[in-house]
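Open the model in your viewer and keep the selection panel at hand.

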Amino acid sequence: MSVWNPDNIKDVAESIGIASLNDDVLQGLSSDIEYRLSQVLEESLKFMRHSKRATLSTQDVSHALRVLDVEPLYGYESTRPLRFGEASIGPGQPIFYVEDEEVDFEKLINAPLPKVPREISFTAHWLAVEGVQPSIPQNPTLADSRTQELVPKGPGANPNLTAISGADNVTVKPLVKHVLSKELQLYFSNVCSAVFDEISDDYRAAALASIRTDPGLHQLIPYFVQFIAEKATHSLRNLFVLTQTIQLTAALLENKNLHVDPYIASIIPPVLTCLIGRHLGSSPTRLSSHPLRNAAATLLGSICKKYAKASHTLKPRLARTCLKHFLDPTKPLGANYGGIIGLQAVGGKEAVRELILPNVKEFSNLIREPLEDEGSPKQAEAEAVLTALIAALQTLEDDHFGFRNEVENGVVANQSRRLEEKVGPLVAGRVSRMGRPNLVKALIES
């Protein structure tokens, strides 16, 4: 037995020209209507609960109809719940209607007038200075900007109008575009092609010199940053492209006329990729990527010296990343090499003393096996890693300059034993053969 009255179905059928309906058909339609209504109500209640409300609104029903692929209702768009009044016109069923708010004209006439709006005036203020928006009352705050970004824009902003028009899958594009002049577009295209020109060294040098000194490249900074990121991501097997990417980044940072501070967070990932990437280049000689890693480490060190004061977390984050790749036994030796020279470039002597020296003994055990594998490709790479490790430790020697000790072959037996306990037999043997007592004392006492 359906709750829906079959007489309503008869009335609708007669209104569209169907004179008579079978009782079984009426019963079936009544059951189907009841099921569809409960389905719509269930979906509407879901939208109400997800909106953290206790009152069902017409907007919830409209969303439910849209989810169920049903044509939405027209004319019911209100943020307030509708109030229905009841009117009885006889012994039959009552009629419900939407109550309109009554307005008392006497109160409306006697109400105080609103304030006179101020006259239209114009004032000038700085919207942005060298790409940075100043914090003044005329400019929107960061919270306002984020809120504005979340507001839908374009033809699909109103979901009901979009559903009515049948264009539910409209792609909304931002209304404001960063417009570049034709001269800047032509300059950007020519400079990028010249920097990565493998034939002419003069073109590359001229392009980098222009980027290094040109004062009118403010608008091109985000385009250069994006271009650098794309080249570093999609050209990991091309050492020439990666090397030119590092040189382009260095030239951009050396331009004293540009304000690059807001883009440092986007510039660092491509540099780190060239420093501690797992496999750089397609050459079978694994040492071929070391000049690129050295250039990336030098650039990373200059970034830290120049921008560490503006961001107090820059050095710790870079040091943590390099230390992770230095100590990870699952990384290839090239990544370990990049981690060592990266730590030295980022933190200097302090990083060598606090982060590299305490882990030298454990790390030397990891590279002992490839060092003893005569004739293998990994032997030369492990030798380069060991050389970089000892070069980093040599920076501690200056702290003990002037130390004199009359010893045979540079190290007495007691110091040799203490040095081996501190850095392991592999590194201790290399340092002992160098005959530098100042370095031995620095490593023992650090």
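A salt bridge here is a side-chain nitrogen of Lys or Arg within 4 Å of a carboxyl oxygen of Asp or Glu. This is a predicted model, so local features need pLDDT of at least 70, side-chain atom pairs count only at pLDDT 80 or more, and totals for chains, interfaces and linings use all residues. Residues are numbered from 1 along each chain as its sequence is written, and side-chain values use heavy atoms, with hydrogens and water left out.

**Stop 1: salt bridges**

Select Asp60 and Arg53. They form a salt bridge, with the closest N and O atoms 2.7 Å apart. Asp60 is buried at 2% relative accessible area. Arg53 is partly exposed at 32%. Those words have cut-offs: buried is under 20% relative accessible area, exposed is over 50%, and partly exposed lies in between (1.4 Å probe, protein chains only).

Go next to Arg212 and Glu254. This salt bridge also has its closest N and O atoms 2.7 Å apart. Arg212 lies in helix 8 (residues 201–213) and Glu254 in helix 10 (residues 239–254), so the pair ties together parts 42 residues apart in sequence. Helices (H or I, at least four residues) and strands (E, at least two) are DSSP runs, numbered from the N terminus. Arg212 is partly exposed at 32%. Glu254 is partly exposed too, at 44%.

Now pick Glu350 and Arg353. Their closest N and O atoms are 3.3 Å apart in a salt bridge. Both sit in helix 14 (residues 333–356), three residues apart, which puts about one helical turn between them. Glu350 has a relative accessible area of 46%, and Arg353 has 22%. The whole structure holds six salt bridges.

**Stop 2: aromatic rings**

Rings of Phe, Tyr and Trp (its six-membered ring) pair if their centres lie within 6.5 Å; planes under 30 degrees apart count as stacked, over 60 as edge-to-face and the rest as tilted. By this rule there are five aromatic pairs. Select Phe188 and Tyr223: an edge-to-face pair, 6.3 Å centre to centre, with 65° between the planes. Phe188 is buried at 18%. Tyr223 is partly exposed at 25%.

Ring pairs link them into a cluster.

**Stop 3: the surface**

Show Val103, Phe105, Leu108 and Ile109. They make a nonpolar surface patch of about 480 Å². Patch residues have over 30% relative accessible area and no salt bridge; like charges are joined within 9 Å, nonpolar side chains (Val, Leu, Ile, Met, Phe, Trp, Tyr) within 5 Å. Leu108 lies in helix 4 (residues 105–110) and is exposed at 53%.

**Stop 4: the whole chain**

Zoom out. The chain has 18 helices and two strands. Of its 446 residues, 34% are buried. Its accessible surface is about 29000 Å², 55% of it from carbon and sulfur atoms; the areas come from the Shrake-Rupley method with a 1.4 Å probe, and for residues only the protein chains shown count as cover.
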